[in-house]
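This briefing covers one protein chain and is meant to be read beside its sequence and coordinates.

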Amino acid sequence: MHPDDQDRLETALKGAASGDKVEYRLRTGSGRWTWVESALRPAPSAGGTVVLSSRVIDDRKRLEDELRLRATHDALTGLANRTLVAQRLAEALADPAGEDDVGLLFCDLDRFKAVNDRLGHEAGDDLLKQVAARLRHSLRPGDLLGRFGGDEFVVVLDGVRDLSDVAQIGRRVSRSLDDTFRLHDEPVRISASVGGVLGVRRRTTASAMLRDADAAMYAAKDRGLGLIEVFDDDASSRSLDRLGLRSDLLGALEREQFALNFQPICDLRSGQVVAFEALLRWTHPQRGPVPPDVFIPLAEETGAIVPIGHWVLEQACRELARWGLHGGPRVRVNVNLSPVQLQQPNLARGLLDIVRQSGVDPGDVCLEVTEHSYLREDVTESAAVLRSAGLHFALDDFGTSYSSLNYLKWFPIDHLKVDRSFVGGVAASDTDRGIVRAVLAIAESLRLGVIAEGVETEEQRAALLDLGCVWGQGNLLSTPLTPDAALDLLTGARHSVTAT
């Protein structure tokens, strides 16, 4: 024992009787202090020798272990957390003795939020724990499973030969979620979109792998639910390009790179313009025009769609007011609402403020929502407030999602927009024609208007009119117009596009 520790022990024992327990600190070999509890025993001889039975105090050690565990593991599932995953991934990539390469899987649960909102957070937590257990059993003994946050899970595969190994394990992970989960005695089905990448030891960085695996996961989700996408070097390059585009998008609004075009919604018989749909366009200073189906998902991922969406509504209402000042006929403007916007607090107040400040009649504004959105009860309450203020609602892409009829039951819809995938075949396909006929029958029974999207040919227009659909939009009627061109159309002699 170190002389200082001997003095510390003797000081602690002064005045202690046989059987007493005393605490004192000893310096360990690493230089740290450790608390020790010792019990005195009777001296075996008159010489006064003291025999001690000592142990390290367990409570303090348990506390240290618990704090260390909390710093590196997820409290809900017990899995490695983001910090530990990044650390282990970096260690595996730096290991000079490691065999083969390192793989990474990034898993995001599909429609988890819908389950969480419908059944409650307690059920959502239970589902995450069940998912964690299944994923753990689908992996190899040496693989590290972590929860990256929310409904995202990551797997570090230390020792894989190539991307086919990564894909194979990814498929096994995905299949582990195939069976039904039970939450509150209710059967629930859920899937995961999985992105996989391969990292070469001593060459690839952990941050690059996490970035590419995340991008691969989004690529999988874009193709559908429960799918797997693995990235090679070419795909990684595309991922970097996507990341750059995403970064540029965040500043596009401030740099005034957005513009609105307006596509007429017309009476299919006369060509009379009844409304315009506001369409967002982004012109990148280096890349030129970026397609909406590329940048809109990026805006939703980053949350940038919320301020962008407000800007779109503000600009659309401003143009509508300008057209009225120039003597144009009264028309409606349709503005798309993203599912992300629908989840924002104070939705109704924010949108109403924009409409009222523009000076337009709320009855001339129609908000288009897609049936792919998951709408909570509080969202429908906001919709009811907006509807009572005079705004209208249209259900976009109707017929392309399982939730269509539910929306009609409890959301204040005024118009259905028949998806272009059905309109495209209405003149030649009995199936598409039957679907359009059914949509029209539903709308008639509920007293809703119907707008056919993507009208491209005279044959389609004739078939739609034959079925009784009187409103449509598409390039046959008019391509999207600039605000000034829309004004010229409205203030022209016929206020209409070319009609048969």
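This is a predicted model: local features need pLDDT of at least 70, side-chain atom pairs count only at pLDDT 80 or more; totals for chains, interfaces and linings use all residues.

- Helix α16 spans residues 430–446, 17 residues in total.
- From the first C-alpha of α16 to the last is 24 Å, close to the 24 Å expected at 1.5 Å a residue.
- The residues of α16 that count as buried are D432, V436, V439, L440 and A443.
- D430, T431, E444 and S445 are exposed, and they sit on the face of α16 turned away from its buried side.

**Packing of α3 against α7**

- Helix α3 (residues 82–94) packs with helix α7 (residues 206–223) at an angle of about 115°, and the two axes are 9 Å apart.
- The α3–α7 crossing is right-handed.
- On the α3 side, A86, L89, A90 and L93 make the contact, while α7 contributes A206, M209 and L210.
- By class, this contact of α3 with α7 has 7 nonpolar residues, with no polar and no charged ones.

- Most residues other than glycine have a negative phi.
- D185 is not a glycine, yet its phi is positive, near 65°. D185 belongs to the loop between β7 (181–183) and β8 (186–188).
- With a relative accessible area of 71%, D185 is exposed, because the cut-off for that class is over 50%.
- E256, also not a glycine, has a positive phi of about 55°. The loop holding E256 runs between α8 (233–250) and β11 (258–267).
- E256 has a relative accessible area of 70%, so it too counts as exposed.

**The chain as a whole**

- The chain contains 18 helices and 19 strands.
- Of its 500 residues, 47% count as buried.
- Among contacts in the chain with a separation of 6 or more, 66% come from residues 24 or more positions apart.

Methods. Residues are numbered from 1 along each chain as its sequence is written. Side-chain values use heavy atoms; hydrogens and water are left out. Axes are lines fitted to C-alpha atoms, for helices over the stretch in contact, and angles run from 0 to 180 degrees between N-to-C directions. Helices (H or I, at least four residues) and strands (E, at least two) are DSSP runs, numbered from the N terminus. A crossing is left-handed if the near helix is turned anticlockwise from the far one by less than a right angle, and right-handed if clockwise. Contact means heavy atoms within 4.5 Å. Ala, Val, Leu, Ile, Met, Phe, Trp, Tyr, Cys and Pro count as nonpolar, Asp, Glu, Lys and Arg as charged, and the others, Gly among them, as polar. The expected span of a helix is 1.5 Å times one less than its number of residues. Buried means under 20% relative accessible area, exposed over 50%, partly exposed in between (1.4 Å probe, protein chains only).
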